[in-house]
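Trainee: Please take one kind of contact in this model and go through it closely, pair by pair.

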Amino acid sequence: MVEGQRMVEGPGVVAEKALGGGAGWRFWIDRGGTFTDVVGCSGDGRLVVRKLLSVQPGRAGDPAVTAIRELLGLEGNQLDGNQAIPAGLIAELRLGTTVATNALLERRGEPVLLLINRGFADLLAIGDQHRPDIFALQISRLQPLRLRALEVAGRLAADGSELEPLGLDGQLETELRRALAEGYRSVAVALIHSYRNPSQELALERWLQGQGVTHVALSHRLSGQPRLVPRGHTALVEAAVAPILRAYLEQLQLALGAATPLRVMRSSGSLAPPALLHAKDTILSGPAGGMVGAVAVARQALLADGCADLPPIVGFDMGGTSTDVFHFDPSRGEAAWERSAETEIAGLRLQAPMLPVHTVAAGGGSIIDFDGERLRVGPESAGADPGPAAYRRGGPATITDANLLLGRLPAQALPSVFGPAGDQPPDLEAVRQRFSALASAMTSATARSTPQAHRATTPEQVAEGALCIAIERMAEAMRRISIQRGHDIRAALLVSYGAAAGQHACRLAELLGIRRVLLHPLAGVLSAY
């Protein structure tokens, strides 16, 4: 957070008198799936804000680094080794990122090979028999990972003593080589009671490294807690998303230069250098920064308004790919920052300290589709490339496009940053074509199923229906972390932030019975700020 007093807005730039400014720039970055937000603070306390697409076709390097080099007055390609950022120009760089989160939600993680005790190959898929809908006759479970399980001979007792030695035979080696040939490069190891005695997992790691496996996630190293299912799920998540996160951080550090101090925000709200970072601890990295920022600006606004007793705060952070919500009760003091030791994301139980933020796959870039029977919104996102249909890169219909079609997002207010060259306004004609195609498909399906009650569906009805689905999904996420846990949020303050939240905040508040909404001047980049 930036400690400051008075803020003055300007076109794309916000100036603030910082307290205790020092030499060198400080940068805070929130790297989302669609947009990357950069807030820079110069040595004299001046704040500069940039919002960029996270993927910029035809342009090399990371967009945040491009913005940083521009602000520092550096020329040349950021990937050129002779153009490294000189030491001393950047005092610190703090990064919150949803790279791991989005990879998991959009099922883009690396294929995972699971090594588990003999007889337990299906355990992590079966889980603990928790039913997400206890009245559903047919349970449909999300499969966020491409997974193959190999059974390993060996068994430990509950006290950690060895009941059966580890079996590394020729059959296991043959199965491993077959999996490697089919594209499985990341391995998760989860053995019973390894939190008591890690010897068998460590022996498996040494054997795998001898077979040429470069990335191995051991369950005992990621979590020292009992219960094989959540510990195994944690290892699966680490194996799936760690290669993606590591590649991004290495690319970023290379572009910044080795002298630039980089720290990454973890899901608990703490910061760590990349070398000490586990991917499973960054699943809520960006959202954790957003919660810290939202609570801080809500307190400032309420105290400035003369509120002696702060009401409950609910956060609504809607970006391009996902939506994050939280409930914060100031009356609990420091206990309101209680970290959960275990959480569920994408159907997997994850053991990692996290701030109480709930994430759903609903953002401005969530893809709108019709599967022949129903209108669907997400969980897939158009991201930054190709992006929504309006971005002029051949993208699908999205929530952003629905708002454009209905006039709720003024096209003329958007900058001319779209198209192959990044210099064109949004394409409303492409938006109308996408929704017309969806409307035609829905009209045809209705005619086949109920010919007597057949009525043509309009593109505007499709867009409005998609918005209703998205709003209800976000409202359900809000109810899950508040009403379902016994909190009355009707008197709460809804803090709306994120690039897409302002388009839906009032409608969401009305649905939940909330009467007050806060939009901070830096709401669009609040997770970075």
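Mentor: Start with Asp 37, which is buried at a relative accessible area of 5% (buried is under 20%, exposed over 50%, partly exposed in between, with a 1.4 Å probe and protein chains only). The model is predicted, so local features need pLDDT of at least 70 and side-chain atom pairs 80 or more, while totals for chains, interfaces and linings use all residues. Residues are numbered from 1 along each chain as its sequence is written, and side-chain values use heavy atoms, without hydrogens and water.

Asp 37 forms a salt bridge with Lys 51, with 2.7 Å between the closest N and O atoms (a side-chain nitrogen of Lys or Arg within 4 Å of a carboxyl oxygen of Asp or Glu). Asp 37 belongs to strand 4 (residues 35-41) and Lys 51 to strand 5 (residues 47-53), so the pair ties together parts 14 residues apart in sequence. Helices (H or I, at least four residues) and strands (E, at least two) are DSSP runs, numbered from the N terminus. Lys 51 is partly exposed, at 37%.

A second salt bridge joins the side chains of Glu 205 and Arg 221, 2.9 Å from N to O. Glu 205 lies in helix 5 and Arg 221 in helix 6 (residues 219-222), so this pair links parts 16 residues apart in sequence. Glu 205 is buried at 11% relative accessibility, whereas Arg 221 is partly exposed at 42%.

Asp 371 and Arg 374 also form a salt bridge, their closest N and O atoms 3.5 Å apart. Asp 371 is partly exposed, at 40%, and Arg 374 is exposed, at 54%. The whole structure has 20 salt bridges.
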